[in-house]
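Subject: Structure handover

Hi,

Here is the structure for you to look over. Please open it alongside this email.

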Amino acid sequence: MVLELGQEGCQFNYVVSAHKPTSVQHSAVGHFTSATDLNLIISKSTRLEVHRLTPEGLQGVLDVPLYGRVAALQLFRPASEPRDLLLLLTERNKFCVLAFDEASGELVTRANGDASDRVGRQVELGQRGLVDPQQRLIGLHIYDGLLKVIPMDERGGLQEAFNVRLDELKVVDLAFLEGCAAPTVAVLFEDTKEQRHVKTYEVSLREKELLEGPWQQSNLDAGASMLIPVPGSGGAVVVGESVITFVSATAVRSTAIKPTLVKAYGQVDEDGSRFLLSDFLGNLYLLLLMREGAGGGAERAAAGGSSSFGGGRGGGGEVLGLRLEPLGRTPAASTISYLDSGVVFVGSSFGDSQLIRLHSTPPDPAQPDSFVEVIDSQANLGPIVDFAVVDLERQGQGQIVTCSGAGVDGSLRIVRNGIGVVEQALVELPGIKGMWSLRKTFMDTFDTYLVLTFAGETRVLGMNSDDELDEAELPGFNSAALTLCCANTLHDQFLQVTASGVRLVDSMTQQLAAQWEPDGGERITVAAASPTQLVVAVGGRTLVYLELGEGSVTEKGRLQLEADIACLDITPSGSSNERAEAVAVGTWAMQAHVCELPSLRQLVSEKLPTDVIPRSVLFAQFEGDTYLLYGLGDGQLVNYRLDGGGLVDRKKIALGTKPILLRTFRSRGAAAVFAASDRPTVIYSANRKLLYSNLNENEVGHMAPFNTAAFPDSLALGKQESLLIGTIDDIQKLHVRTVPLGEQPRRIAHQESSRTFAVTCTKATISGEGGDSVRLVDEQTFELLDRLQLQQHELACSVCSTKLGDDPAVYYVVGTAFAPPDEPEPTKGRIFVLAASGGKLNIVCEKETRGAVYALTEFQGRLLAGINSRVQMYKWSEPSDGVRGLVPECSHAGHVLALYLATRGDLVVVGDLMKSIQLLAWKEAEGSLELRARDFHPNWMSAVTVLDDDTYLGAENSYNLFTVRRNADAATDEERSRLETVGRYHLGEFVNRFQHGSLVMRLPDSELSQIPTVLFGTINGVIGVVASLPHAQYQLLEGMQEAMRKVVKGVGGFDHAQWRAFSNQHQPASPATRFVDGDLIEQFLDLKRDSAEAVVAAMGGSATLDSITQLVEELSRLH
């Protein structure tokens, strides 16, 4: 049944993230999961990740959603705790203390609360949550002029909180000092004359007030922005734009630095003699504190300072001086965490986050100034300022090209769903019935042969001396029969199983070494092998177990089953790679059996949850867990986890509609399973959870890993008419390709006819001086074809690709603004009409405007522009003297700033800076734009789009989404002129752009093929989908969301309904309506079976576990 929208249109929406947030704001290092583990904890806005440091690098332990945006996180250890606890503070002033439960592998909430007060002005420069170094109290700075203090006992228990007054209103930074008898806080603040000073206070828990602290320092560097407490000194380092100063009660030491803006710091040594600093351009520095009694500390620092990362603990003596050493470049950091022995995590909001190693000498001789080696990099799409949805391969699957990053870390990112296959060779070979790869000897690293079987024959392809794929001969093989199974076995032999018997062939002489045939001329129907064993089904129901020796095949046991055998597997799982300890069987009676080897004693027997025959079975190992997978004849996959001999955690998921064949392979060192069917899927595991990613190929019937010198790490895929050999991308749900620009992209538009993109870019400088430019890039290679440089102080604000009037040509139109530093508001700008041809940008016409051109869009052959407070319409004039131009046709004033435009038919939807959404209508007869309706709520808009004729979707700057609807049929003018808010939802992400489109191919047989979807991009790198659902479907999901809230508890005890409630500075919180949270709904697929059944029971009605699972699987295919 294909779902279609009814009369209600697009009022009911499902919001889900296709790409999770990737921009890193905070990180911390400590012993969180156990006393011996070294953990890195990262917050990516609304997600929390816990990693463990292993010799191979970082290993994920947890990745959980949070019902809040993280404003601060800190690890601390109360005196009686064996390991660290985690303090989290969210932007809505909720806080919690979390611990890790080793037994269940989950987070436990030790304490939580809401730190909001009834009155108070939220701080401008971000909330802070700090723990006193001796764990006596937690300090929260949330409101101007107040510090909230929460006393803590030695077990980490929290007591009643109280507020203390801070005389400093504009606090720039706060830090608790280390090495003071009483809890002491240092406050860096700015006074009314814009001078910066630092003061210290002691927090008296008995008197509940702040007392005068041990020291203060006035008139610091005007750009002082950061306090770094120094252990054991009772002092702190104040980082400014051109001076770094250490201040304590006994000493003040300064050093001048080259002017820069330092954004993040990380402590290297426990005694605080070295710190890492990162500035806004991503330059990494080592700050050295020369200290008394540091055992030649000054000499060690002078000898390059960055030597001996890891060891070396200096003394905690008096600070004698400071030095700053440049180490190299990384993406601009928002957080730095020093892990161990020179390994550092650099988290970034504006570029990719990196795991780096610091060396005492430059690791790359080509870069003599860089002491940094990148070990690993995590792609970050944030901030997505703009994006385009295009179908570059022209196969009906959308890709997203984003303007990502900021400053020098700016890049274009090409994001597409699924795993791409890079074709290496394609051979026309219809009718493949099976394929296997063989190595020349058992221990070879590379495969040599590819065995293909067809109805009634078997052919062998081999790598010849020129490393080309060619027909080959294996004389010992029976080539006139269909092969059921083929493998390398120990003692350098090849195994071939056909319906008539088993053949072992010596891989050196290629002659038959041994064979086995069933008695009485019975036929073998199914076979499966390990390097030393073979199981076959004889005459349908008899399971025969054979052992493979050197030149021998010996029968070791038989078992008669009640039904015909449909599939077998003896992939070794556990310690041995050469011997299996069990055989998995699937029968025509839809039974799953696991039998012990060699005795064939039944260990497990279970009915499969299906009435379709299993066609393939496989033991697979992921991250130390063993799974048993059954691929069914209707494209469904059933998986179990093996636990102490039993089968647990049964899950069923639809991968395609045709029979599934399962095969293991390795991709970049990690185990994965290939499920061949009409929608081939790769199954892999992360954080001990099975994940499924579809391949961007369809109708793959057979697959074999084929790793040769000429085609390393390749796969051979058997399609209906051909054999394809290719490599696959990294295994992940979304594939991201990066095109670094070295400057910040702001706007992007795609042009089909010239096969190009136009991208506007801004250069990164400390003063913001550099002029913007428009780049023309190729749509496939993304190489720069041409560049149009704008004037000084001229910013490119908008770009679109459009036809104008009856002119057949397609043009790029770019809108700009002049923003000299002395003008508060741009008073002039320009509109360029550009023709892209032959890889060049030519200016066709240029038009001056009285203001900034914030938005441009095509409208019935005309051009609409949002210019300061006006919406202006231009028409394309007829050529006079062969020159065309833009002629103003009409305009509509009365906006604050017309930032966003969207059109539908004769209607124009305007997103205003402060006045929410307004609806204009074009009266062609009168040649005018008139106001039809508006939303009277004061929403500060960040993006807007049209869902249907009467429903419009907006995003505003308090991270909310809302829909408004016009009442065209209302009785009174007053009602018709009002846009009524029908849907509200707190997304928790700042949306910069909406675009209609989809990331996935819509299969016509899918229930949701007719569902309209809108994509959005956010500052934290989220790509999300808003899908408009029919009312009945929406009601079912709303009931399910309610049930999920009862079963799935938020981390830290945070409440889901409160988190999704719409609120901003003008409106108190109101519950989310007509939006349902897809991220919560899709967690249903990860629930254990009893929890999933509890959700379905709580929903009531006619819902069943299977129907709900199927619906959620369909929804998850929207992205």
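Below are notes on the cavities and on one strand with its neighbours.

Keep in mind that this is a predicted model.

Cavities

A search of the whole structure turned up 4 cavities of 30 Å³ or more. Three elements each supply at least two lining residues: β1 (13-19), α4 (1056-1060) and α5 (1078-1082). By type, the lining of this largest cavity holds 12 nonpolar, 4 polar and 6 charged residues.

Strand β79

Now to β79, residues 951-956. Buried means under 20% relative accessible area. By that cut-off 6 of the 6 residues of β79 are buried, so the strand is largely enclosed by the rest of the structure. In a regular strand the side chains alternate between the two faces of the sheet. In β79, T951, L953 and A955 point one way. Y952, G954 and E956 point the other way. Both sets are buried.

Its partners

β78 (residues 941-946) pairs with β79 in the antiparallel sense, over 5 bridges. T945 stands opposite L953 of β79. A hairpin of 4 residues links β78 to β79.

β80 (residues 960-966) also pairs with β79 in the antiparallel sense, over 6 bridges. Here G954 has F962 of β80 as its bridge partner. This hairpin has 3 residues between β79 and β80. Y959, in the turn, has a positive phi of about 70°.

Best wishes

Key. Residues numbered from 1 in each chain as written. Predicted model: local features only at pLDDT ≥ 70, side-chain atom pairs only at ≥ 80, totals over all residues. Heavy atoms only, no water. 1 Å grid on protein atoms, 1.4 Å probe; cavity = no way out; pocket = protein on both sides within 12 Å on 5 of 7 lines; lining within 4 Å. Points joined across faces, edges and corners; volume = space filled by probe spheres on them. Nonpolar A, V, L, I, M, F, W, Y, C, P; charged D, E, K, R; others polar. Buried < 20%, exposed > 50% of the residue type's maximum accessible area, 1.4 Å probe, protein only. Pairing = 2+ DSSP bridges.
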